[in-house]
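Here are some notes to read alongside the model. Please keep the structure open and find each residue as it comes up.

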Amino acid sequence: MGLGSTQTNSIGCYNVILESVPLMLESVKSASVKPGSVFTIVDYGCADGGTSMPLLYACVKELRQTYGDDLPIHVIYEDQPVNDFKSLYLRLQGLIPGPNSYFLDFANTFVSTCGTNFYSQCIPPESVNLGFSSTAMHWLRDKPCDITGALHHTMITVPEETEKFKNQAAHDWETLLLARAKELVSGKKSLFRQLAPIICLQLVSGLNRDVRSPGA
Ligand SMILES: C[S@@+](CC[C@H](N)C(=O)[O-])C[C@H]1O[C@@H](n2cnc3c(N)ncnc32)[C@H](O)[C@@H]1O
């Protein structure tokens, strides 16, 4: 641990996140920031933060251009307690090779980590301005059953097993969205890019849910 190997070897995940940059910048541009407030961004299921660095760099740059240097920007990285948070801090400080770190290039930026579980509320109520997650929220909370003759749910051949996985996923997804809705500042957005038929979903707290197809 501590060498950033997880995300140095995840080119597919990098590309998925790069495709999200326009949507995230759209959200940043439409944000209304109150004078004296802190702008908080959360990366849920961040791993070692390598793949989301270019996206977060672009968001911080946009916020700086729009609101100037006085706006404190807080990025919270969330993942499981066993996550490689050491590599994340090494990346942020430029101590291992990787994309440029917004933390080094922009003053008045702050980072912290949350090693809990995104099926619970992770962040205090109404304190997140922009939430993001990529290729993480398809991890179910529990395995609903063993899979006959295979290890991965995409290879299920028994209909009852498919049904159990579907039910588990639906229940987990609702749990997860309700937790995010508590964390978001009213009217602010979360963007989730997932390995699923609907891969890109925006949750707007207090307003509505806006489901977009890939490339929308
Ligand atoms: C495939 S990696 C994706 C990492 C990064 N978001 C990306 O797109 O490159 C999935 C991440 O989700 C995290 N994860 C899975 N279940 C989680 C949970 N219940 N709470 C928080 N993080 C979780 C894993 O620990 C892992 O770091």
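1. A residue counts as near a molecule if its C-beta atom, placed from the backbone, lies within 6 Å of it. The ligand has 18 residues around it, and those that come nearest are C13, G45, T51, S134 and A136. Sorted by class, this shell holds eight nonpolar residues, nine polar residues and one charged residue. Please bear in mind throughout that this is a predicted model.

2. How many helices and strands does the chain have? There are six helices and seven strands. Their order along the sequence is α-α-β-α-β-α-α-β-β-α-β-β-β. The chain has 216 residues, and 31% of them are buried.

3. Helix 2 covers residues 11-30, which is 20 residues. At 1.5 Å a residue the helix should span 28 Å, and its end C-alpha atoms are 30 Å apart, so the two values agree. Helix 2 also bends, by about 40 degrees, at V21. A proline, P22, follows within four residues of that point.

4. Which residues of helix 2 are buried? They are I17, M24, S27 and V28.

5. Which way does strand 1 pair with strand 2, parallel or antiparallel? The pairing with strand 2, residues 73-79, is parallel and runs over six bridges. To find the pairing on screen, look for I41, which stands opposite V75 of strand 2.

6. A47 lies in the loop between strand 1 and helix 3 (53-67). Its phi is near 55 degrees, a positive value in a residue other than glycine. A47 is buried, because 24 other C-beta atoms lie within 10 Å and the cut-off for buried is 20 or more.

7. T135 is found in the loop between strand 4 (128-134) and helix 6. This residue, too, is not a glycine and has a positive phi, near 50 degrees. Is T135 buried or partly exposed? T135 has 19 other C-beta atoms within 10 Å, so it is partly exposed.

8. Helix 4, residues 85-92, is mostly covered, with six of its eight residues buried. Those six are F85, S87, L88, L90, R91 and L92. Just after helix 4 comes G94, where phi is positive at about 70 degrees.

9. W173 sits in helix 6, which runs over residues 159-183. With 17 other C-beta atoms within 10 Å, W173 is partly exposed. W173 and M137 are 36 residues apart along the chain, yet their C-alpha atoms are separated by 8.0 Å.

Key: Residues are numbered from 1 along each chain as its sequence is written. This is a predicted model: local features need pLDDT of at least 70, side-chain atom pairs count only at pLDDT 80 or more; totals for chains, interfaces and linings use all residues. Ala, Val, Leu, Ile, Met, Phe, Trp, Tyr, Cys and Pro count as nonpolar, Asp, Glu, Lys and Arg as charged, and the others, Gly among them, as polar. Helices (H or I, at least four residues) and strands (E, at least two) are DSSP runs, numbered from the N terminus. A residue is buried if 20 or more other C-beta atoms lie within 10 Å of its own, exposed if 12 or fewer, and partly exposed in between; C-beta atoms are placed from the backbone. The expected span of a helix is 1.5 Å times one less than its number of residues. The bend at a residue is the angle between axes fitted to the seven residues ending there and the seven starting there. Two strands pair if DSSP finds at least two bridges between them.
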